[in-house]
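Me: I've got a model open and I'd like to learn how to read it. Can we go through it feature by feature?

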Amino acid sequence: MGDLVSTAAWDDVVTSALLGTDRRMLDPGLLPGEVGRLGAELPASDAPGRLLGAAALWTVAARAGSALASPAVAPPEPSPPETGRVAGPAARARLDGLLSRADGEGATLLTHWLRAAAERGLVAPPACLPGLLELARTQRRYADGVRAVLGARGRWLAAQRADWADALGETPEAPSDQTRETAADRARRLRASATQDEATLEAALADRSVEVRTVAVDLLGRLPDSAFTRDVVLRAAPALRIERQRLRRTLVVTLPDADVPVRKPDPFPATPTGTGRGAWLLQNLIGATPLDHWERATGTTPQDLVDLPVADDLHPAVRAGWLQAAARQGNRPWARALLAASPFDRFLLDVLPEDERVHRLLAALRASDHASLTTAFDLAVAIVPAPWPTSLVDAALTAISTGEPWKTWYATQVHGQLAAVLPDDERTEAAVRAAALRRFDSDPWHSALQRTADLLFTRRQMLEELR
Amino acid sequence: MSDPLGTVTFVPARWTAEQVLAVAPDAASAAAGRKLAAPGPWSDTGSTADPAALWGSCAGSGKNPYQTVVDLAGPAYKCSCPSRKFPCKHALGLLLLWSAGQVPDASTPSDAVTSWLEARGARATKAAERPSTPDPVAAARRSEDRAAKVTAGVQDLDRWLRDGVRTGLAGAERAGYAQLDGVAARLVDAQAPGLAGSVRRLASVAASGEGWASRLVEEYALLHLLVNGHARLTELPEPLAATVRTRVGYPVRVDDVLATAGVRDRWEVVGLRDGNDGRLTTRRVHLHGTSTGRDALVLSFGVAGQPLDASLVPGTRLDADVHFYPGAHPVRAAVGTRHGEPEPTGTVAGLDLAGATTAWAAAVAADPWTTELPLLLTGVRAVPGDPWHVVDASGQVQPLVSSERLWTVLSLSGGLPVTVSAVRTPAGLDIGGARTDDGWVTW
């Protein structure tokens, strides 16, 4: 076959066809090689037929004979061997399904899958890698989860495409330039360091940002022998004393001089409008004073102190100070004493050991009034880490299924909250279904709870597949 | 379970999730089915092995739950929901639940299930008893009528093609679809649907952007060749005549194909692709004979919403007789007698790129209208780019038809040589599947 790469002859054919043989004849004999030879044999009287015949000869010859001339290409270097454990076929089918879903529940399950697989040291199967990398590229919030299951093959594949490499390249731990750190960054860093070094904290007390100064005061709350704490106590001690007034022991307050701050600059936040400067300083001083000082100074128990009436309507300031001190210092007896009047204070509950926290929440969930139930439930979701202990699960489900029907919009929200904290086991799933059945079929709680149970079922299946 | 080199075992009784999803009529149904694959909405479920059936009640948006039954032998599906798709999302959800072992075994099916299965059995027997050989005299007359109509239609097309190149095709790009629709409609009336389809495709070629004129002339030329072939049908060797008839659109009955001699081999399912042209869904399954080295394409069709044949599963191997439709270079085939249950896949060997080129040349030489040739390629490495290419050990390079799934090929191969199933087209290789450690990934 002659030189078919030269397309000038074919262009001629096309031009004739475009213009029409009435206007422009074609001599097929002029086509190269065998095509030309055969073309010349076509009857000249039939011009269109001749054109089409020649074109047909050419097309078929070109198609059959072309080796699809291609440039020299360099294949990429092969991937390094996979060192990770690849998730099995059932897990792969599950992941494929999750990647093709576009709904919110699918998104939650996908995040769950990625985390569970990473925890088990599994890597995604090669067939799923392009889907995962595209996901990381188009929805950055998945980038961390995807990166965790990539393995050697996944990282190699990402490197073959600039936009995939970019999507994964950003690491959240990229160290930020310290000179451009914001106050919030400084505060965060200080809190995370949990330092007990007095010099560092004294320096932080003088930081120009109130956020940083507050973190310093918080951390100094754990250092009762520090210079700062001793200075605070010096100012706070004379402020409170017990007196007998009208046959009752009363806490009498002498407001400290608000013009004399404990440190320069003033480590405490500025006085809010509507609050007296003296009362504000009092509150902050009490908040930074070791609580056992009051016990020693007055010779009474935390519960007695908390129950004492306070003169001059200063009870709110004193109590606010004690609340802050109890949370800062992690003081359990004081927390318990204060919780009597503020049973749903999250910071106080955080001070207590976990089983006591759960115990108190259980009591609240068994309470009969509707307002306490919802507050207790929200609090439990916020402070009891997943997975919840059985006792809490049962109390919450009983409250939901037998208590006064909660507003319909709440059902969907609770579904989401429960999904985040319930354990995945069969017992819990059965308990949720039982709770669902206690509500009428038409009640939105019924379907919300069934969906929650289905979610637990699906998550359990997913974990099975990842073994 | 997580060992990538683990062996694949088959449990023919219970379907895998993949098999369930393979019968879904479309992606939306598959997704909806997954959502119903949890115990919550289901009650009174059960399954029996003989008869092989599965049933349950699913809570829906209405007052009463939907009753769903699956005949696992067919498979066939029945549900009281208003959906017109088969299987509906309830059937899919129930199948997935069953596949996960969450449907209890029962000793006997419920009455409703039994009566439905019996009614199905009765209908099937009646269909089988219908005579399959029609009255030969009537058949002969019908075929004469058809031949006359087609001949007239072909002559009509011939004139139209000639007129086109006589006056010039320059107007084609602007003229659009209207005129072509008329020509195509006349060809449908003339009982030449194959030609009608080819004419309709001219519209998209004319609108295909840069290089449209060259491609359009190619298509006109090949149509002219086909028209010529039909005019001289009796002079052609029979295989080529069969090709011409098929491409013009004469029907070929699958029973007649199955009556010809089949090719018995262990046929590996290496590709599966579904296409949708709005009215009809077409499933194309690529089979590769592991001893004969032959490739076949099995086509099945369904109206939108109906399930497609799911008996050929990628990653399995079938000892069967495959019967090729008649033609100068047979590719389309129908599966006849199956000599056993599907087996797991084993080693396969395909062509290198030089072999692929030779195979393509031979196909086009025999059937000049070839636009798709199924092939198995071994030892090729994928090279990303615009367009992608494959290169083999000898250094031969061939371009690929673009597809997002090529990244999956690269991922599966890790950059090493890999075996792929492909369809060679005039524009390059269209890869449809890649071999992995434990089977095939196809798309």
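Me: Which strand does Thr45(B) lie in?

Reply: First, the ground rules: this is a predicted model, where local features need pLDDT of at least 70 and side-chain atom pairs count only at pLDDT 80 or more, while totals for chains, interfaces and linings use all residues. Residues are numbered from 1 along each chain as its sequence is written, chains are lettered from A and ligands numbered from 1 in the order in which they are written, and side-chain values use heavy atoms, leaving out hydrogens and water. Helices (H or I, at least four residues) and strands (E, at least two) are DSSP runs, numbered from the N terminus. Here, Thr45(B) sits in strand S1 (residues 42–48) of chain B.

Me: What does Thr45(B) touch?

Reply: Contact means heavy atoms within 4.5 Å. Leaving aside residues up to four places away in sequence, Thr45(B) touches Trp55(B), Gly56(B), Leu94(B), Val103(B) and Pro104(B). Thr68(B) is 23 residues from Thr45(B) in sequence, and their C-alpha atoms are 9.3 Å apart.

Me: How do I read a sheet, and what is the strand order in the open sheet of chain B?

Reply: Two strands pair if DSSP finds at least two bridges between them. In chain B, six strands give the order S13-S12-S11-S14-S15-S16, with antiparallel pairing. S13 (397–399) and S16 (439–442) of chain B each have a single partner strand, so one side of each is left without a neighbour in the sheet. As for S11 (residues 373–383) and S12 (residues 389–392) of chain B, four bridges join them; Ala382(B) has Val390(B) as its bridge partner in S12(B).

Me: And packed helices? At what angle do H13(A) and H14(A) pack?

Reply: Two packed helices are described by the angle between their axes and the distance between the axes. Axes are lines fitted to C-alpha atoms, for helices over the stretch in contact, and angles run from 0 to 180 degrees between N-to-C directions. H13 (residues 227–236) and H14 (residues 277–288) of chain A pack at about 130°, with axes 9 Å apart. Under 35 degrees is roughly parallel, over 145 roughly antiparallel, 65 to 115 roughly perpendicular and the rest oblique, so H13(A) and H14(A) are oblique to each other. Among the residues that meet are Phe228(A) and Val232(A) in H13(A), and Leu281(A) and Leu285(A) in H14(A).
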